[in-house]
Amino acid sequence: MRDRDWGDTVMIELSGKARALRAGLLCAGAAIAVMAATGGGNEARAQSIECGGDYRVVPGDTLSEIAVRTYGAGRFGPIFDANRNTIRSPQTLEVGDTIFIPCLDGTGNPLPRGVRPERTVAAEPEPEPEVEEAALSPSFQAAPGPADAAALQGLANGGVVNLLAVRPSPPFAGEKLPEGGMLTEIIQRALLRAPVPIDFVVSFTGGDTIDDIAVGDYDLGYPLSRPACEQPQALDDEARRVCADYVFSDPIYATGIGMFVTNAGDFAEARSASDLYGSRLCRPEGMGNGDLAAAGLIAPNVNPVSARDVDECFMMLALGDVNVVSVPQAEGDAAAKRLDVSARVRSIKSIGEGQPLYAASPRSSALGAAYIAVINQGLAEMRGNGSYAAIVDNHLAFTGIN
């Protein structure tokens, strides 16, 4: 195993396969592995940490590793919640910061400063919950309801939620973006609100379509479009399959969809969706076409063309092989600038509609729908307390999107 430190991203290469792990998203085991690989396992960080007092952050510390040294597991949620005035996010742990390490009561909830658990409580065995968990055999094949803490407990005690960023792009996901991107931060904060501790890691590579979630054995994927599953009669066979194979979260963010055309092309004067009928319309693989179907921009009204990615769509547009490129506005603007065709193309603002972005989990995942329920609950709480709006504003400001 070898490692390379790229700012706040650590690349761990195992058996020739690299996976990017955001330092603040490391599970307990991965945090220890990184510490050993980077030579950061000095004596100060090898010692256990006593709860109920303050701790000074040293080089190489992560919240997960501090939680392991305090509680014996990588549950850093109580530490993060107790230090929100100091720690901006789980990824931004500054050397020299002094943070409070709360003790936990018998149910795993944090105790106030100065309060420590009674010895009798700490030493008391808890056979009943263990028996209850062992007897539980959850099946989450239907649409998710409220998250079941007991069902999540088994994986929380020894597993990791693996998240895949599908076609990562600014401002939604990207390993070089702050907090891994807007949706990465929103989903991460939602998972931290789970009724039981959840550790998770994010991969920003290997995801081009929704099916890469199941192929790569991931638990959740994002950011994704969702077919209109409640209207199966209006869907093609592929969209119906996606509805049958995956369970989706509530909408996380609605992104503007751009309809890009060339300034001198046949559809440069289009003002409505029907004005694009007869065009060759390009959209990258895996993006979905629910919004296009709602606007009537599917066969036979248009000739759909699929491309590997946004850049390929724009190259075909520049060459005249397609007439329209339909992608998220921010992705299209970035691609046009990257390919130096901004002066030759434009977006028809009156046609592009907002497309909601979602997280999804394969229905074959035993706990997938439960994780989706956790995300839904966290989204509702964050929208209610204002933290959701703050996250969105910060990421839009960083990427220069109004």
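## Disulfides

A disulfide is a covalent bond between the sulfur atoms of two cysteines. In this predicted model, a search of the whole structure finds three disulfides, and when the bonded cysteines of the protein chain are numbered in sequence order, the pairing runs 1-2, 3-4, 5-6.

Cys282 and Cys313 form one of these links, with their sulfur atoms 2.0 Å apart; because the torsion about their S-S bond is about -75°, the disulfide is left-handed. The pair links distant parts of the chain, since Cys282 belongs to strand 11 and Cys313 to helix 12 (residues 310-319), 31 residues apart. Cys282 is buried, with a relative accessible area of 0%, and Cys313 likewise counts as buried at 0% relative accessibility.

A disulfide also joins Cys51 to Cys103, with an S to S distance of 2.0 Å, and here the torsion of about 90° makes the disulfide right-handed. Cys51 is in the loop between helix 2 (43-46) and strand 4 (53-56), while Cys103 is in the loop between strand 5 (98-101) and helix 5 (119-123), 52 residues apart; both cysteines are buried. The link of Cys229 and Cys243 is left-handed, with -85° about the S-S bond, and it connects the loop between strand 8 (220-224) and helix 10 (237-245) to helix 10 itself. Cys229 is partly exposed, with a relative accessible area of 22%, whereas Cys243 counts as buried at 12% relative accessibility.

## Aromatic pairs and a charge over a ring

The structure holds three aromatic pairs, and one of them, formed by Phe172 and Tyr253, is tilted, with 5.8 Å centre to centre and 50° between the planes. Phe172 lies in the loop between strand 6 (161-165) and helix 8 (182-192) and Tyr253 in strand 10, so the pair ties together parts that are 81 residues apart in sequence. Phe172 and Tyr253 are both buried.

The rings of Phe248 and Tyr358 have their centres 6.1 Å apart and their planes at 80°, so this pair is edge-to-face. It links strand 9 (residues 246-248) with strand 15 (residues 354-362), the two residues being 110 residues apart, and both Phe248 and Tyr358 are buried. Elsewhere, the charged end of Arg383 sits over the ring of Tyr388, 4.5 Å from its centre.

## The surroundings of Tyr277

Tyr277 is found in the loop between strand 10 (253-262) and strand 11 (280-284), and at 37% relative accessibility it counts as partly exposed. Leaving aside residues up to four places away in sequence, Tyr277 touches Phe267, Ala295, Gly296, Leu297, Asn301 and Val302.

Notes
Residues are numbered from 1 along each chain as its sequence is written. This is a predicted model: local features need pLDDT of at least 70, side-chain atom pairs count only at pLDDT 80 or more; totals for chains, interfaces and linings use all residues. Side-chain values use heavy atoms; hydrogens and water are left out. Helices (H or I, at least four residues) and strands (E, at least two) are DSSP runs, numbered from the N terminus. Buried means under 20% relative accessible area, exposed over 50%, partly exposed in between (1.4 Å probe, protein chains only). Contact means heavy atoms within 4.5 Å. Rings of Phe, Tyr and Trp (its six-membered ring) pair if their centres lie within 6.5 Å; planes under 30 degrees apart count as stacked, over 60 as edge-to-face and the rest as tilted. A charge sits over a ring if NZ of Lys or CZ of Arg is within 6 Å of the ring centre and within 35 degrees of the ring normal. A disulfide is a pair of cysteine sulfur atoms within 2.5 Å.
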